[in-house]
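This briefing covers selected contacts, salt bridges and surface features of one protein model. Please view the sequence and structure below alongside the notes.

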Amino acid sequence: MSRRSRLSTTGLLWRQFAASPTASVLLAVLVAVAAFAATALPRAVAMLHTEAIAAQMQSVEAWELDLTASTRDRPPVGPGDTPLPDDVDEVWGTLFTNLEAVHDALPSPLGDVVGDPLALVVGDPVVASFEGQAPGGTVYRVQPGFDPALREHVRLTDGDWPEAFTGAVPGDDPVELVLADAVAERLEWQVGDERALDFPTGTVPAVLTGTFAPLDAADPFWSHVPTALAASRQQEGLGPPIITGVAMLDPASWQVFQSVSMPIRLQLWFPLDPEAVRGDQLDLLVDQLGEVSSRVEPLAPSEVPLAFRTADSVTFTSGLRDVLVQARDAAVAVDAVLATVASGPIGVTVAVLVLGALVVFERRRPGLELAAARGASQGQLRGILAGEGAAIGVPAALLGGAAGMLAVPADAGLGAWWLVAAFALAPALLLVSSAGRLSPLRRARSDLGRAGGGRYRWIAELAVLLVTVAAVVLLFRRGLSSDAADSADGSGAGGVDPLLAAVPLLAALVVCVAVLRLYPLPLARLVAVLERRRGLVPFLGAARALRDPSAGLVPVLAVVVGVAIAVFSSVLLGTVRGGVEVAAEQQVGADLKLAASPLTTQQLEALAATPGVEATAPVYSTSSSVLQIDARRRPTTLIVVDVAEMNAVQQGREHVVPLPEELAAGEPTDRPVPVIASASVAERIAAGDRVSLDDEEIEVLFGSDAATAFSTQPDWLLVDRSKARPFTDTLVPRTVLFRLSPDADVEQVTADVLEIAGDDSVATTPESRATELGARPAARGLTLALAIAIVLTSLATALAIVLTLVVGRPARERLLPLLSTLGLGRRGERALVAWEIGPVVVAAVVAGALLGIGLPLVVLPAIDLGAFTDAGRQPDIVIDPWLVAGVLGGAMLVAALAAWIAASVGGRVDAARAMRKEEES
């Protein structure tokens, strides 16, 4: 490089940067990390919401999620413009053309997450008898089925496809049909055999022309008609077994059967694509599903045939809306927690960026002051600082933002890029804001003029205090964040809660004000005490910490927020973990819980006799009943247990629904019947004047808001087995609770009871249920987020301490070499560095720890943590002393290590250079 180019503006700026690039590179790294987090974290949260929705949908039957309409009326018949075969289109074309119009009218994203329409007609069972059938033997029945897209779902395994039926019912022309392999086997119907179908209007022969197998047995299509693949078996009392299966006819046969007098069920649905549902669509989908379920969709022209009822319009509904509402409540809780916890890392990140910019400024100060002494204007100085800030921030922010998008493949919109833009401009703005401190003349002493800070400081501190108090009051008055969202717009939408996000930072600011105001008081007394002693280092260190502290509001805020969020996160982890354990205890309700197919008396006796089992208590029934409140009928779940058996199993257990002896007291004919109700049902009953259950008068002993091991339904009534006769005639246990002996091998007992109950049974312990709840996406994501928050805030706090010491390094470089000429050793220098930041950091750590323990009492009542525990209620706040002590100790250890490294790095400056610096300043 030539001399002229080196002395040009660009050359001088490059030489200035090359002379001390470390600070600028560090600031660029901080900006890149902040930009990475700004883009990656929202996308990770969106991915978490999507994963949680998928898990929620997997727990529900597929047919409940589809957008479905069902009616007993006939479908309209007529041609249309569809890709169906011509003969099928002649019959089903009108229906599918109108269904396509309904699909096209669905708003986005609802129309994007559901597929093309499907339709199915299934008639009520008719007896399929054959010659030579033994009287009193097994009864075989078929449900005539008409699927216009049958061949798209199955493949023929034997025989031929049926031909369209053109005869009459009753009549002599045979109806051709096909059966699934398993159904044909269960009905004992061979291909080519003929049977007589007994329709209400008469008999018609039927021939089995072929059998089929599903192309995909797991296809949600089959959940709408499960008996098409597997016949059902039922037996009433001593009567013969009844085997029922769906028989598929050629869909064009509906042209004839539409006029046959038989009850049918027409099902129309748009199948849901679960993989197309994303977390950021929750609010829109919930609103759109509600809108669709409130309107009537036309299916046929206004001319309705007079021979039979035709479905000219239907209403589509979907259980997906309830699933999404539950997922949205969980998303609101996740977002609320993350917004609260993220405020800590964000606050510390901003503090670190401010300190990093200050380090860069201090590195550039000598050259800029020299330029000012030689005539550079304030505009030129600010331009130089702005240029370096832009060169540091813009490329780093773009690189970090792009890396965040590549690291997390999810769609969270472009909102995060506003924050990336703020981080990109932050270095330039911070550097330019420091330009006023440049002076080519003698530098002012930093330890003068600090007394009180003036009335403006008092006004600012009072304003922060008042705003914080107002925010806390609003938080307590508002209640749960999900309730606030519901009252605000009726949607309960997720997203960042500004109030929840602001309260921790506002509280941290108040604590910082208290620390900066109060810590000099004991420090001044300590200086007075040390002044009378002989040691130099303690007195000088305490005096410098009092008169010329390196730590101002920014580093104190970083330490307070970092420690507070770390402790708060540990309390939140303990609370969620405790809530999960309580929820597991409630939902299992015993040492072991078994869910199985209906259990026989012999199986119940074998379960009670299993080695290691002390007592068993079956849940004899969980049937649907009708609750009448002031002539209004409401469905509810009736739970029947034996109070004495259940109390023997649950004796000594906490968190279970208490079962008083009054439930079983008195004769069965006593009125009213005593029951226990869930809290929601008890509240409705309390508001009514006349209450009965299946026309029987009942008396609610109390309402319970705890989850029960007896049923997963939120609305329930519980009655003792001795009083259950008016409400149910059959008591068929499907659930059994076990009390195990103290020395029982739980794994062996579990294996034994599963063997007795059969292949479809499931055994659950409180421990396994807690593991299952903790593995859910929301709970797993929360745990990971809190762990990351603890680590990041601890590291960022340590970095803030390092940068604070780096900012104070020029003053030390003037002082320490002079003291070394007077005999101060290396250990003394380190001690002075520790005194420089130690008192205020210790005060900030103590204050941050107290704030971290107090924040849960303020913030957690406003967050619905029941979404993480599946308990239906807020878990109690749990402060695990060992967990809190471990997190706090780790944060302090990292901070101390960072301070020691910062004090040890860098060579010593000789006295002559120090004197020259002092003269220059």
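Beyond its neighbours within four places in sequence, Thr211 is in contact (heavy atoms within 4.5 Å) with Arg155, Leu156, Thr157, Asp158, Leu179, Asp181, Ala184 and Val191. The model is predicted, so local features need pLDDT of at least 70 and side-chain atom pairs count only at pLDDT 80 or more, while totals for chains, interfaces and linings use all residues. Residues are numbered from 1 along each chain as its sequence is written, and side-chain values use heavy atoms, with hydrogens and water left out.

**Thr211**

- Thr211 is placed in strand β8 (residues 202-214); strands (E, at least two residues) and helices (H or I, at least four residues) are DSSP runs, numbered from the N terminus.
- With a relative accessible area of 7%, Thr211 is buried; buried means under 20% relative accessible area, exposed over 50%, and partly exposed in between (1.4 Å probe, protein chains only).
- The side chains of Thr211 and Asp181 make a polar contact at 2.9 Å.
- A polar contact is a pair of N or O atoms within 3.5 Å; within protein, one must be able to donate a hydrogen and the other to accept it, and residues adjacent in sequence count only if both atoms are side-chain atoms.

**Gln267**

- Gln267 belongs to strand β11 (residues 264-270) and is buried at 15% relative accessibility.
- Not counting residues up to four places away in sequence, Gln267 touches Ala69, Ser70, Leu118, Ala119, Leu120 and His224.
- The C-alpha atoms of Gln267 and Ala119 are separated by 5.7 Å, although the two residues are 148 residues apart along the chain.
- A polar atom of the Gln267 side chain lies 3.3 Å from the backbone oxygen of His224.

**Salt bridges**

- The whole structure has 11 salt bridges, each defined as a side-chain nitrogen of Lys or Arg within 4 Å of a carboxyl oxygen of Asp or Glu.
- Arg721 and Asp642 form a salt bridge, with their closest N and O atoms 3.2 Å apart.
- Because Arg721 lies in the loop between β20 (716-720) and β21 (735-740), and Asp642 in the loop between β16 (632-641) and α20 (643-650), this pair ties together parts that are 79 residues apart in sequence.
- Arg721 is partly exposed at 33% relative accessible area, whereas Asp642 is buried at 15%.
- Arg295 pairs with Glu297 in a salt bridge whose closest N and O atoms are 2.7 Å apart.
- Arg295 is partly exposed, with a relative accessible area of 23%, and Glu297 is buried at 9%.
- Glu772 and Arg769 meet through their side chains in a salt bridge (2.9 Å, N to O).
- Both Glu772 and Arg769 lie in helix α23 (residues 766-774), 3 residues apart, about one turn of the helix.
- Glu772 is partly exposed at 44% relative accessibility, while Arg769 is buried at 13%.

**Nonpolar surface**

- Leu462, Leu465, Leu466, Val469 and Val473 make a nonpolar surface patch of about 430 Å².
- Patches consist of residues with over 30% relative accessible area and no salt bridge; like charges are joined within 9 Å and nonpolar side chains (Val, Leu, Ile, Met, Phe, Trp, Tyr) within 5 Å.
- Accessible areas come from the Shrake-Rupley method with a 1.4 Å probe, and for residues only the protein chains shown count as cover.
- Leu462 is found in helix α13 (residues 454-478) and counts as partly exposed at 48% relative accessibility.
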